[in-house]
Amino acid sequence: MSPPRITLIGGPTALIEVGGFRLLTDPTFDSPGEYRLPHVTLKKTSSPALAASDVGAVDAVLLSHDQHSDNLDNSGRAFLTEADRVLTTVVGAKRLGGRSEGLMPWETKTLTKPDGSSLQVTATPARHGPAGIEPLSGDVIGFVLTFEDQDMRPIYITGDTVWYDGVAEVARRFRAGVVLLFAGSARTRGPFHLTMDTNDAIETAHAFPDATIVPVHYEGWAHFTQSGDDLAASFNALGVGSRLQLLEPGVATAILSPR
């Protein structure tokens, strides 16, 4: 099987092409603007690298959560209505309806093609900030993709989470070859981060010692406090810079094993 190709569209939105499947994470296709949520106003600062119409049909949308506009905006919601399958949290599926399917952490769904090829999508735990944040942040999940071809290592999509024992448990269960890591050290509610900062990213890289780390969700929104340059500087300082792959927005990039 060929290496997976990932196209960063913007924020948390990436197109994953692997084994004949096309999967889209957290669709956000709006132009810059503001979104008023119950506890905070989020500001989008840049447009996506691709329009929704440029993405084309996908086999499934992997939606980590539906309650925050930086993970599902207005155009993203419209995209869901055209998708064959939407995998998300249980409460999110109830809110969204339609083709949405809710998964609890460690629950698995199978995607199949007419030719009989398949891949499995397993929901993984995520915590969108420090311990105790759950009543404010709501439910979030990540995903692990596993394949019939045993030579193709799993792909782990963290979703919006910090480093905590739930992520460590994913590392114990799956020997991922690629980690799509939601980074940016997002801050909206106080002096703590809601997504992975550079320390969390390094912890995750060490937990998945054979994986290429591909960060997303660190640009395009005002509440991100750390950049791709910050990640690169941190990884380089610790001698693991070769394991970090920053994507050029809009460019389909083959993700190779760490050197």
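**Close-up views of a predicted model**

**Figure 1. The pairing of strand 4 with strand 5.** Glutamate 34 faces lysine 43 of strand 5 across the pair. The model shown here and in the following figures is predicted. Strand 4, residues 33-36, runs antiparallel to strand 5, and four bridges connect them. The link from strand 4 to strand 5 is a hairpin of four residues. Side chains alternate along strand 5, residues 41-44.

**Figure 2. The largest cavity.** The structure holds one cavity of 30 Å³ or more. The space in the largest cavity is about 140 Å³. It is lined by 15 residues, of which Leu42, His68, His128, Thr188 and Leu194 are the closest to the cavity centre. Sorted by class, the lining of the largest cavity comprises five nonpolar, seven polar and three charged residues.

Figure 3. Six strands make up an open sheet with mixed pairing, in the order 9-10-11-12-13-14. Its edges are strand 9 (108-112) and strand 14 (212-216), each of which pairs on one side only. On average, and with direction ignored, neighbouring strands of this sheet are turned by 20° against each other. Helix 5, residues 165-173, packs on the sheet and touches strand 10 (118-125), strand 11 and strand 12. The direction of helix 5 makes about 150° with that of strand 10. Gly166, Val167, Ala168, Val170 and Ala171 are buried in helix 5. The buried residues of helix 5 pack against strand 10, strand 11 and strand 12, and also against helix 6 (198-207). In an α-helix, residues three or four places apart point the same way, because there are 3.6 residues a turn.

**Figure 4. Strand 11 beside strand 12.** Strand 11 (residues 141-147) and strand 12 (residues 155-157) run antiparallel and are joined by three bridges. Valine 144 is placed opposite tyrosine 156 of strand 12.

**Figure 5. Threonine 212 in strand 14.** Threonine 212 belongs to strand 14, an edge strand of the six-stranded sheet. Its relative accessible area is 3%, so threonine 212 is buried. With residues up to four places away in sequence left out, threonine 212 touches Gly177, Val178, Val179, Arg243, Gln245, Ile255, Leu256, Ser257 and Pro258. Between threonine 212 and leucine 62 there are 20 Å in space, C-alpha to C-alpha, and the two are 150 residues apart in sequence.

Figure 6. Strand 7, residues 86-89, pairs with strand 8 in the parallel sense, over four bridges. Leucine 87 has glutamate 101 of strand 8 as its bridge partner.

**Figure 7. Glycine 56 in a loop.** Glycine 56 lies in the loop that runs between helix 1 (52-55) and strand 6 (60-62). Its relative accessibility is 35%, so glycine 56 counts as partly exposed. Apart from neighbours within four places in sequence, glycine 56 is in contact with Arg22 and Phe79. Aspartate 151 is 95 residues from glycine 56 in sequence and 28 Å from it in space, C-alpha to C-alpha.

**Figure 8. Two loop residues with positive phi.** Most residues other than glycine have a negative phi. Tryptophan 106 has a positive phi, near 80°. Tryptophan 106 sits in the loop between strand 8 (100-103) and strand 9. The relative accessible area of tryptophan 106 is 27%, so this residue is partly exposed. Histidine 217, not a glycine either, has a positive phi of about 60°. The loop between strand 14 and helix 7 (228-237) holds histidine 217. Histidine 217 counts as buried because its relative accessibility is 0%.

Technical notes:
Residues numbered from 1 in each chain as written. Predicted model: local features only at pLDDT ≥ 70, side-chain atom pairs only at ≥ 80, totals over all residues. Heavy atoms only, no water. 1 Å grid on protein atoms, 1.4 Å probe; cavity = no way out; pocket = protein on both sides within 12 Å on 5 of 7 lines; lining within 4 Å. Points joined across faces, edges and corners; volume = space filled by probe spheres on them. Nonpolar A, V, L, I, M, F, W, Y, C, P; charged D, E, K, R; others polar. Pairing = 2+ DSSP bridges. Axes fitted to C-alpha atoms, helices over the stretch in contact; angles between N-to-C directions. Contact = heavy atoms within 4.5 Å. Buried < 20%, exposed > 50% of the residue type's maximum accessible area, 1.4 Å probe, protein only.
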